[in-house]
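Thanks for coming. Please have the model open.

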Amino acid sequence: MNEMQDGQYFYHPLENIEDVDIFYEATERTHLTKAISEERPYTYWTIELYDQANGIRGGGGLGILAADTRRVAEQMEVPFALITPFYPSETHQKMVNGQVVDEHIKVDYKKYGFKFIDQVNVKCCDNLCALDVIEKKFKNTRIIAITEPNFGELYSGMSGSDHRLYQEVALGFGGYAALKLIGLKPAIMQLNEVATFFAALARLDELARNGMDFYEAVVYTRKHTLYTNHTLVQAAEAEFSYEQFERFVFPNLKSLAVKKWLKDKFTDGRIKLSSVTIEIAELRSGVSKLHARVANYRDIAGNKVKFKAITNGIDMKTWVLPDILEFYKSCGALNDILAPVEGYAAKLDSLTADDVRKFKYKGREVLNEVLRGRPNQYGKILRFDEHDFIFDFKRRFVDYKRPEMPFEDPLRLRQILESHNAHYILTGRVHAGDSIMGGKLKRVLGTIDQDEYLREHVHYIADYDEKLAFGLSCGSNAAINIPIVGLEACGTSWMKDIANLNVLISTHDGGVADGSMNSYLNVSGADEKEELAMLYQRMMDAAEIWENDFDLEYTLKTQLGAFLPVISGARMMQDYLDYLFPA
Ligand SMILES: *Cc1c(COP(=O)(O)O)cnc(C)c1O
């Protein structure tokens, strides 16, 4: 059943592991395109996947991106395998007496069409841990997940904790063994952040102990591994200790040379996974132009690491209201794989304010439907009609995204909403145990509660998820995205807004900074006070734009003109393929 039990784990001669010809050619990395096939797919490794339709709930943008990348690969017919954990439990949030409370819900993979394949083992603390390998296929793509009843939840525990290390080791070594079990060889390994480092390590170990010269094995692994970074500062990353590696990592390595290589990477008995991920991946990317330029990472020798800019995109089919998507296709702006064609901007010229209002009316019905089962902070079920104006702020409650900023001058906020009969919908989850942001949310809810107008017009919806994200993108009029400039790597919720014809109010950060400051309603200022004044001004501007057909058409066409290629998931996938498999 599993190979480790009888001591034969990974004991395959080299020819069985890899296509030896392609193997040596590939050190040049030029002939790889032909190497992508059903048995040799593009492999994508992620600790987080956000794909509720398939039973896996993530935490935020990292998981949404992973799900979109697979769906786009499916549409583009790229053979693709996504390897991720299936967490047997997930957290939801609900409001109880005005307080946000976490609840934990069990999830059963069998209900989501996953098939049990077999078990694989990883070694942890002198034990063998059996992991279930499960799989779900979708045309040319598949999700391969590893799981066991005590696997825990996504991001449970502290980031440098034993449990996190166990989860990451299980994904890396267990996932790599799962690929072998299914009979797949990776054409490329894309590591979605450093928590997936152990997958590349498992491959290096397999090559090194099956007859490949160690340095060649390193070169080969490096040429076939892409590290996609989503974080700005290396210093913020958690570390693991040598002692933790002795319990969880070294026992899974068979090659003495690889063990030695890894042991040498510790400084003062500690290791950051980014430092070794940089060593094992020659291909490295950042997730927007700005992020790739400013991400501050050093390799072990102390040199600054260069990242190739490949801006995230979204799967248009998942995130765009079907009527609007149909418009993009029928006017010829998007082609069959939903990528923008040359001259797309001119094709969008036929969009009229009437169309936009019609789409928005449809989108509002979608939003009302989503809100039916999701009361606001007062337990009230909301319903909006076509005359209501809706601002939304929908994102994880983390400090740099500044969810509290619009509430700093509640009187001004009230004036803005009153002057345009507007509502403000706020949604976003607080990470379990984040007492600072929990406190901020409480203060925001308190501010709202003190004003009778705000009580009726500002709504907090608990348990932000994909459905709410979609409903709000389709159904609101203006979206607010105000991260502290320099701290958002890319962000994708603003992309859903642009695609669904919302007016975007944003600071110039992340992927938004791929466009010019004139292509959306920009919020900037020398300090937070100036930024706040400009935010309120932009909220007034947005409401006025919707009152004037010409302004509405002009604003939305300018946004689409600047961003349609940026937000296209097909564009993103093509960028990855061009980078990984140069002609
Ligand atoms: C799109 C989406 C995100 C991404 O949000 P950003 O703040 O833009 O990174 C996070 N969570 C959910 C549920 C989403 O749908």
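By contact I mean heavy atoms within 4.5 Å. What you see is a predicted model, in which local features need pLDDT of at least 70 and side-chain atom pairs count only at pLDDT 80 or more, while totals for chains, interfaces and linings use all residues. Residues are numbered from 1 along each chain as its sequence is written, and side-chain values use heavy atoms, with hydrogens and water left out.

First, the domains. The assignment for the protein chain gives domain 1 as 3-312 + 575-580 and domain 2 as 316-567; such bounds come from an automatic or database domain assignment. The C-alpha centres of domain 1 and domain 2 are 33 Å apart.

How many residues of domain 1 are in contact with domain 2? There are 31, and they meet 35 residues of domain 2. The buried area between the two is about 2,600 Å², with 52% of it from carbon and sulfur atoms. Buried area here is the accessible area, with a 1.4 Å probe, that two parts lose on being put together, summed over both. Gln75, Gln93 and Met95 supply 23% of what domain 1 buries against domain 2, more than any other three residues.

Between the domains the count is 1 salt bridge, meaning a side-chain nitrogen of Lys or Arg within 4 Å of a carboxyl oxygen of Asp or Glu. Arg57 forms a salt bridge with Asp463, and their closest N and O atoms are 3.2 Å apart.

Helices (H or I, at least four residues) and strands (E, at least two) are DSSP runs, numbered from the N terminus. On the side of domain 1 that touches domain 2, helix H3 (61-75), strand S3 (89-96), strand S4 (99-106) and helix H10 (289-294) each supply at least two residues. S3 gives the most to that side, with 5 residues.

Now the sheets. Two strands pair if DSSP finds at least two bridges between them.

Phe116 stands opposite Ile134 in S6. The hairpin of S5 and S6 has 2 residues between the strands, and Cys125 there takes a positive phi near 50°. Strand S9 (residues 225-229) runs parallel to strand S12 (residues 283-286), with 4 bridges; Thr228 has Ser285 as its bridge partner in S12.

Another open sheet has 6 strands, ordered S16-S15-S14-S17-S18-S19, with parallel pairing. Which strands stand at its edges? They are strand S16 (458-461) and strand S19 (521-522), each with a single partner strand, so one side of each is left without a neighbour. Strand S17 (residues 478-481) and strand S18 (residues 503-506) pair in the parallel sense over 4 bridges, and Ala479 stands opposite Leu504 in S18.
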